[in-house]
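Subject: Structure for your review

Dear colleague,

Please find the structure below, together with its sequence. A written account of what was found follows directly after it.

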Amino acid sequence: MDNDKPLQPETEDEIEIEPVQQSSDKMLYCEAEPPPTVEKVKPARENSETDLEIEDDEKFFTTGQKELYLEACKLVGVVPVSYFIRNMEESYVNLNHHGLGPRGTKAIAIALVSNTAVTKLELEDNCIMEEGVLSLVEMLQENYYLQEMNISNNHLGLEGARIISDFFERNSSSVWSLELSGNDFKEESAALLGQALSTNYRIKKLDLSHNQFSDVGGEHLGQMLAINVGLTSLDLSWNNFHTRGAVALCNGLRGNVTLAKLDLSMNGLGNEVALALGEVLRLNSCLVYLDISGNDIGNEGASKISKGLESNESLRVLKLFLNPINMDGAILLILAIKRNPKSRMEELDISNVLVSEQFMKTLDGVYAVHPQLDVVFKAVQGLSAKKTIFLLTNPMKLIQSYADQHKITVVDFFKSLNPTGTMKMSVDEFQKVMIEQNKVPLNQYQVREVIKKLDEKTGMVNFRSAQAPRRSPFSARGPGWADFLEHNEAIATSLV
């Protein structure tokens with residue numbers, strides 16, 4: 001073919017696709033350009049790292065994204081996925097549970113080599129196995145637009161872990177979030193992944209939950225955490241870490257300077273590991289979120305964790321749900337936070353713990369020091385019927401009642417509290433004004449419920465959301481619990 005002449009368009013019948021030759025020294029790219037653009041012939045890449053190009057011995061041809069995918073499906077012998085065809089120019093593509101298999105995944109990978117639109121790709125539960133993940137990592141060597149990928153529950157096993165580890169070691173992809181949950185990874189996989197992640201700085205968010213790592217795996221991952229400088233979020237929930245492996249993880253966390261979120265829920269940590277966790281909280285200055293729910297941590301463990309809370313200045317969320325902690329352990333935790341004037345704790349989840357009115361009075365003192373704190377518990381034991389009814393009264397119903405009496409709308413009520421008279425306020429300003437206003441007296445728990453209803457998740461509340469009812473788990477926050485109940489006894493009585 002004369003390289004100075006433009007490529008002549010061909011009909012579908014004239015185009016022949018030959019099987020990819022794995023040993024070919026010259027790989028020819030099928031460029032994905034919007035038709036009717038026609039490119040001149042490009043020289044073949046001699047040392048291509050992938051086998052995802054559609055090869056033609058005679059010529060190159062240009063095609064659109066849809067046509068490229070259809071040709072790839074012909075090449076590998078699979079039926080095209082109509083959802084992918086319709087959404088391949090969107091930033092988010094969800095192909096979970098589509099039964100792609102390794103060949104279907106390869107066709108998707110071929111189409112994504114030159115795709116510049118998709119930034120998040122979901123491929124969970126497609127039985128892609130090691131052949132499919134190989135196609136994906138080869139694609140990622142060419143595609144620098146894809147940033148988040150979910151390949152959970154795909155039976156990757158040891159060979160899949162090996163392929164992903166090689167990918168990590170290259171540090172050459174734009175992907176920063178990778179979900180690998182439920183892929184039958186065991187100890188050897190942990191060794192490979194741990195070694196590769198030790199030098200990787202591109203992966204920021206990694207999900208390794210629901211695998212089969214045990215103590216040896218914990219040791220490998222703990223060594224990685226000690227030197228990794230990329231990860232900010234790591235999910236290791238639903239594995240089989242026990243004392244030795246969990247202590248190794250904690251040892252790695254002591255000196256880690258980047259990890260902000262760690263999920264260790266539903267493992268077998270126990271009270272012995274709680275001592276190591278307390279040391280982590282004492283020494284680590286970057287961990288913001290820690291989930292250790294469902295780990296057989298009792299009051300003894302709560303006591304050890306509270307030692308770390310007394311001096312920690314970074315942690316904001318601590319989840320201890322589904323641990324055998326009772327009210328005694330809960331008091332140790334909240335008093336530790338109270339004793340730390342530099343604590344930044346915003347949420348303590350002990351939502352399986354029954355507390356007493358005396359606990360609530362103690363909590364009032366904690367809230368006086370740390371008004372930003374929200375302690376989530378199960379219920380209050382021994383609360384009188386009148387107080388219980390008042391506590392559980394829907395705050396929006398109280399506001400609606402006030403609005404009806406004054407012949408205004410709920411939205412008008414909220415706007416009247418905003419000095420600017422607009423439909424939006426910052427969450428902090430709104431919380432303060434709701435506590436201070438006396439038109440509809442509300443406790444901190446009820447104010448929290450109102451904020452949840454109006455919160456846009458952007459740090460602002462929007463009064464237009466006032467009509468949408470919403471319920472949430474029981475919790476309480478803020479000062480004045482005892483004073484408020486006493487002050488509103490008459491209202492509570494009227495509700496009985």
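At 35% relative accessibility, Glu-346 counts as partly exposed, because that class runs between 20% and 50%. Please bear in mind that the model is predicted.

Salt bridges

Glu-346 forms a salt bridge with Arg-316, and the closest N and O atoms of the two are 3.8 Å apart. Glu-346 is located in the loop between H11 and strand S10 (347–356), while Arg-316 is in the loop between H10 and S9, so this pair ties together parts that are 30 residues apart in sequence. Arg-316 likewise counts as partly exposed, at 27% relative accessibility.

Another salt bridge joins Glu-310 to Arg-339, with the closest N and O atoms 2.9 Å apart. Distant parts of the chain are linked by this pair: Glu-310 sits in the loop between helix H10 (299–309) and strand S9 (317–319), and Arg-339 belongs to helix H11 (residues 327–339), 29 residues apart. The relative accessible area of Glu-310 is 29%, which means that Glu-310 is partly exposed.

Arg-244 and Glu-219 also form a salt bridge, their closest N and O atoms being 2.7 Å apart. Since Arg-244 lies in helix H8 (residues 243–254) and Glu-219 in helix H7 (residues 215–227), the pair ties together parts that are 25 residues apart in sequence. Arg-244 is partly exposed, with a relative accessible area of 45%, and Glu-219 counts as partly exposed at 25% relative accessibility.

As a general point, side chains of opposite charge can pair when their charged atoms come close.

A buried valine

Val-273 lies in helix H9 (residues 270–283). With a relative accessible area of 0%, Val-273 is buried. Leaving aside neighbours within four places in sequence, Val-273 is in contact with His-242, Thr-243, Ala-246, Val-247 and Cys-250. Val-273 and Ile-297 are 24 residues apart in sequence, and their C-alpha atoms are 8.7 Å apart in space.

A buried glutamine in a loop

Gln-437 is found in the loop between helix H16 (427–436) and H17. Its relative accessibility is 10%, so Gln-437 counts as buried; the cut-off for this class is under 20%. The side chain of Gln-437 reaches two backbone atoms: the oxygen of Met-434 at 3.2 Å and the nitrogen of Lys-439 at 2.9 Å. Not counting residues up to four places away in sequence, Gln-437 touches Phe-413 and Leu-417.

Two helices in contact

Two packed helices are described by the angle between their axes and the distance between the axes. For helix H14 (residues 395–405) and helix H17 (residues 444–454), the axes come within 9 Å and cross at roughly 85 degrees. H14 is therefore roughly perpendicular to H17. On the H14 side, Pro-395, Met-396, Leu-398 and Ile-399 meet Gln-446, Glu-449, Val-450 and Lys-453 of H17. By class, this contact of H14 with H17 has five nonpolar, one polar and two charged residues.

Yours sincerely

Conventions:
Residues numbered from 1 in each chain as written. Predicted model: local features only at pLDDT ≥ 70, side-chain atom pairs only at ≥ 80, totals over all residues. Heavy atoms only, no water. Axes fitted to C-alpha atoms, helices over the stretch in contact; angles between N-to-C directions. Helix = DSSP H or I, 4+ residues; strand = E, 2+ residues; numbered from the N terminus. Parallel < 35°, antiparallel > 145°, perpendicular 65-115°, else oblique. Contact = heavy atoms within 4.5 Å. Nonpolar A, V, L, I, M, F, W, Y, C, P; charged D, E, K, R; others polar. Buried < 20%, exposed > 50% of the residue type's maximum accessible area, 1.4 Å probe, protein only. Polar contact = N/O pair within 3.5 Å; in protein donor to acceptor, adjacent residues only side chain to side chain. Salt bridge = Lys/Arg side-chain N within 4 Å of Asp/Glu carboxyl O.
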